[in-house]
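Here are my notes on this model, point by point. Please read them with the structure open.

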Amino acid sequence: IGPQHFTEFLQPVIKKNFGKWVYHEIIEPGVLLHVAESGDEVYTVRCGTARLMSITLIREICDIADKFCGGYLRFTTRNNLEFMVETREEALELKKFLNDQKFDGGSYKFPVGGTGAGVSNIVHTQGWVHCHTPATDASGTVKVTMDAVFDQFTDMKLPAPVRIAMACCLNMCGAVHCSDIAILGIHRKPPMIDHEYLDNLCEIPLAVASCPTGAIRPSKAEIDGKQVKTVAIKEERCMFCGNCYT
């Protein structure tokens, strides 16, 4: 019962040398080498991917892992995709293969990079695809930003590593608070209240409790001569997070 232990999914050399690594180094942009106490080596080829992707693309990624890596791959916390092989020659062959894969429009499917003194992939929130609170969507902003810094993703010529994050609202599940460059969507107005329907559509105690600044309180309003339960907003305390309408 429950999920399988993570060690069952580790690449064999990584599993054999788990916790016994001596050092790692970046061979070239997008290619890393890890060396274990035993002398075993693992080469990792890192490439950028979208956080939100189709089943077709996921299957293509799995086919690449089956062809080059014995079926093993992993995703980093910044939505980078990593394939692991055991020789430098295999790593360079895989890097060339990945850079040759392109969409019909000519853009890279799996651009190799995101290591060292460069820009890693953007970590971002879900935006309109899934979340209820966004002030803006994520995908378009992330795409145009990565287009602008693409050369810094594929090389390592910056003074230091750079991390960019994009959050669609002030709740910031996109980790913008711990990145070098933050892009943040912000609601600009307090919520509008439809007093006539609010009590039928919303659990008022939950709406009140959801506000992190205590800007919402229970209230009553008169609609067509009838009193209805509703809420009132203290606008000067509202931080425009959007929690109250989720």
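1. Is Phe97 buried, partly exposed or exposed? Phe97 is partly exposed, because its relative accessibility is 23%. The classes are buried for under 20% relative accessible area, exposed for over 50%, and partly exposed in between, with a 1.4 Å probe and protein chains only.

2. Some ground rules. This is a predicted model, in which local features need pLDDT of at least 70 and side-chain atom pairs count only at pLDDT 80 or more, while totals for chains, interfaces and linings use all residues. Residues are numbered from 1 along each chain as its sequence is written, and side-chain values use heavy atoms, with hydrogens and water left out.

3. Next, the aromatic pairs. Rings of Phe, Tyr and Trp (its six-membered ring) pair if their centres lie within 6.5 Å; planes under 30 degrees apart are stacked, over 60 edge-to-face, and the rest tilted. The count by this rule is three aromatic pairs. One of them joins Phe6 and Phe18, a tilted pair at 5.9 Å centre to centre with 50 degrees between the planes. Phe6 sits in the segment before α1 (12-16) and Phe18 in the loop between α1 and β1 (21-28), so this pair ties together parts that are 12 residues apart in sequence. Helices (H or I, at least four residues) and strands (E, at least two) are DSSP runs, numbered from the N terminus. Phe6 is partly exposed at 47% relative accessibility. Phe18 is partly exposed too, at 48%.

4. Phe97 has a ring partner in Phe68. Their ring centres are 5.0 Å apart and their planes are at 50 degrees, so the pair is tilted. Phe68 is in helix α2 (residues 55-69) and Phe97 in helix α3 (residues 88-100), so distant parts of the chain, 29 residues apart, are linked. Phe68 counts as buried, at 15% relative accessibility.

5. Now the domains. The assignment for the protein chain gives domain 1 (1-114), domain 2 (116-186) and domain 3 (197-237). These bounds come from an automatic or database domain assignment. The centres of domain 2 and domain 3, taken over C-alpha atoms, are separated by 35 Å.

6. Where does the largest pocket lie? Domain 1 (1-114) and domain 2 (116-186) both give residues to its lining, so the largest pocket lies between them. Its volume is about 690 Å³. A pocket here is an open set of points on a 1 Å grid over the protein atoms alone, where a 1.4 Å probe fits, with protein on both sides within 12 Å along at least five of seven lines; lining residues have an atom within 4 Å of a point. The volume is the space filled by probe spheres set on the points, which are joined across faces, edges and corners.

7. What lines the largest pocket? There are 24 lining residues, and the closest to the centre are Thr49, Ala50, Phe103, Tyr108 and Lys143. Two elements give two or more residues to the lining: α4 (139-148) and α5 (150-154). The most come from α4, with five residues. The lining divides into 12 nonpolar, eight polar and four charged residues. Ala, Val, Leu, Ile, Met, Phe, Trp, Tyr, Cys and Pro count as nonpolar, Asp, Glu, Lys and Arg as charged, and the others, Gly among them, as polar.

8. Check Tyr108 again. Lys102 lies over the face of Tyr108, at 4.8 Å from the ring centre. The rule asks for NZ of Lys or CZ of Arg within 6 Å of the ring centre and within 35 degrees of the ring normal.

9. Two backbone points. Asn79 is not a glycine, yet has a positive phi of about 65 degrees. Asn79 lies in the loop between β4 (73-75) and β5 and is buried at 13% relative accessibility. Asp224, also other than glycine, has a positive phi near 55 degrees. Asp224 is in the loop between β9 (216-223) and β10 (226-233) and is exposed at 77%.

10. Last, Asn80. This residue is in strand β5 (residues 80-85). Asn80 is buried, with a relative accessible area of 1%.
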